[in-house]
Amino acid sequence: MKKIIALVLVAVAFALPSQAQFKFGVQGGLNLTNMSLNKSELESAISNNAGFFIGPTVKFTVPIVGLSLDAAVLYDQRSADAKEVEDGTTTTIKQQTLQIPINVRYGIGLGSVANIFAFAGPQFGFNLGSKDKTLSQTASEITNWTMNSSNVSLNLGLGATLLSHLQLKVNYNVALGKTGEVKESGIVNNTVSAATTLFTGKANAWQISAAYYF
């Protein structure tokens with residue numbers, strides 16, 4: 001894990017102009033998951049939970065007024081409760097990933113005390129936990145939630161930097177493509193048949209974060 005973090009940060013650093021100035025820091029925050037399904041009639045069966053993210057971050061200031069860039073390597077956890085329509089049982093779906101956001105920022109200075117900025121950029125995620133979660137199982141069928149091994153999302157948000165060290169941000173993270181899918185398999189004579197996809201889901205999230213740059 002340490003090697004992955006180092007390689008990502010070094011690669012981003014070398015991709016920027018030599019005149020860029022950068023600061024290292026630590027970032028953490030709250031995920032407010034917004035799970036959406038491709039079948040709207042099932043939305044009421046999903047209730048969203050709060051999660052969190054934390055990890056190292058780096059900020060680059062390039063020689064263009066107001067323009068900067070930030071990147072991070074974050075352990076990210078999101079979850080939602082799925083309610084079985086027929087018997088009412090509830091199963092918690094937990095997503096644990098390594099997230100690498102890379103955001104372009106444009107800021108306006110408020111003297112030496114503060115800076116406000118808007119930002120946007122892609123985020124690349126890699127699954128760390130179990131890919132499959134059983135939602136229900138009977139003698140004749142089994143229903144699983146199967147998560148993608150990787151995903152790409154988009155960040156859009158606003159933030160503020162105080163006294164050059166403390167940073168506060170709020171953003172919406174939008175999944176570009178499915179996060180996972182619900183599959184159903186039949187069971188005949190103790191043999192599980194090939195799975196059929198019932199519907200897919202996206203784990204979007206409102207995110208509130210704080211970072212401290214050294």
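The following dialogue examines how features of a predicted model are classified.

Mentor: This is a predicted model, in which local features need pLDDT of at least 70 and side-chain atom pairs count only at pLDDT 80 or more, while totals for chains, interfaces and linings use all residues. Residues are numbered from 1 along each chain as its sequence is written, and side-chain values use heavy atoms, with hydrogens and water left out.

Trainee: Why is Asp 70 called buried?

Mentor: Buried means under 20% relative accessible area, exposed means over 50%, and partly exposed lies in between, with a 1.4 Å probe and protein chains only. Asp 70 has 2% relative accessibility and therefore counts as buried.

Trainee: What makes the contact of Asp 70 and Lys 169 a salt bridge?

Mentor: A salt bridge requires a side-chain nitrogen of Lys or Arg within 4 Å of a carboxyl oxygen of Asp or Glu. The side chains of Asp 70 and Lys 169 meet at 3.7 Å, N to O, so the pair qualifies. The pair links distant parts of the chain, with Asp 70 in strand E4 and Lys 169 in strand E11, 99 residues apart; strands here are DSSP runs of at least two residues and helices (H or I) of at least four, numbered from the N terminus. Lys 169, at 6% relative accessibility, is buried. A network of salt bridges links Asp 70, Lys 169 and Arg 105.

Trainee: What places the charged end of Lys 169 over the ring of Phe 119?

Mentor: The criterion asks for NZ of Lys or CZ of Arg within 6 Å of the ring centre and within 35 degrees of the ring normal. For Lys 169, the distance to the centre of the Phe 119 ring is 4.6 Å. Lys 59 likewise lies over the face of Tyr 213, at 4.7 Å from the ring centre.

Trainee: How many salt bridges does the structure hold, and why is Lys 183 called partly exposed?

Mentor: The structure holds five salt bridges. One of them joins the side chains of Glu 181 and Lys 183 at 3.2 Å, N to O. Lys 183 has 25% relative accessibility and so counts as partly exposed, whereas Glu 181, at 11%, counts as buried. Another salt bridge joins Asp 76 and Arg 78 at 3.1 Å, N to O. Asp 76 is buried at 1% relative accessibility, and Arg 78 is buried at 4%.

Trainee: Why is the pair of Phe 22 and Phe 24 called edge-to-face?

Mentor: Rings of Phe, Tyr and Trp (its six-membered ring) pair if their centres lie within 6.5 Å; planes under 30 degrees apart count as stacked, over 60 as edge-to-face and the rest as tilted. The centres of Phe 22 and Phe 24 are 5.4 Å apart with 90° between the planes, so the pair is edge-to-face. Phe 52 and Tyr 75 form a tilted pair, 5.8 Å centre to centre and 50° between the planes. That pair joins strand E3, which holds Phe 52, to strand E5, which holds Tyr 75, across 23 residues. The structure holds six aromatic pairs, and ring pairs link Phe 22, Phe 24 and Phe 60 into a cluster.

Trainee: What makes the group that includes Val 26 and Phe 52 a nonpolar surface patch?

Mentor: Patches are made of residues with over 30% relative accessible area and no salt bridge; like charges are joined within 9 Å, and nonpolar side chains (Val, Leu, Ile, Met, Phe, Trp, Tyr) within 5 Å. Accessible areas come from the Shrake-Rupley method with a 1.4 Å probe, and for residues only the protein chains shown count as cover. Val 26 has a relative accessible area of 43%, and Phe 52 has 35%, so each passes the area criterion. The patch covers about 930 Å² and also includes Leu 163 and Phe 214. Strands E3 and E11 are the elements that give two or more residues to the patch.
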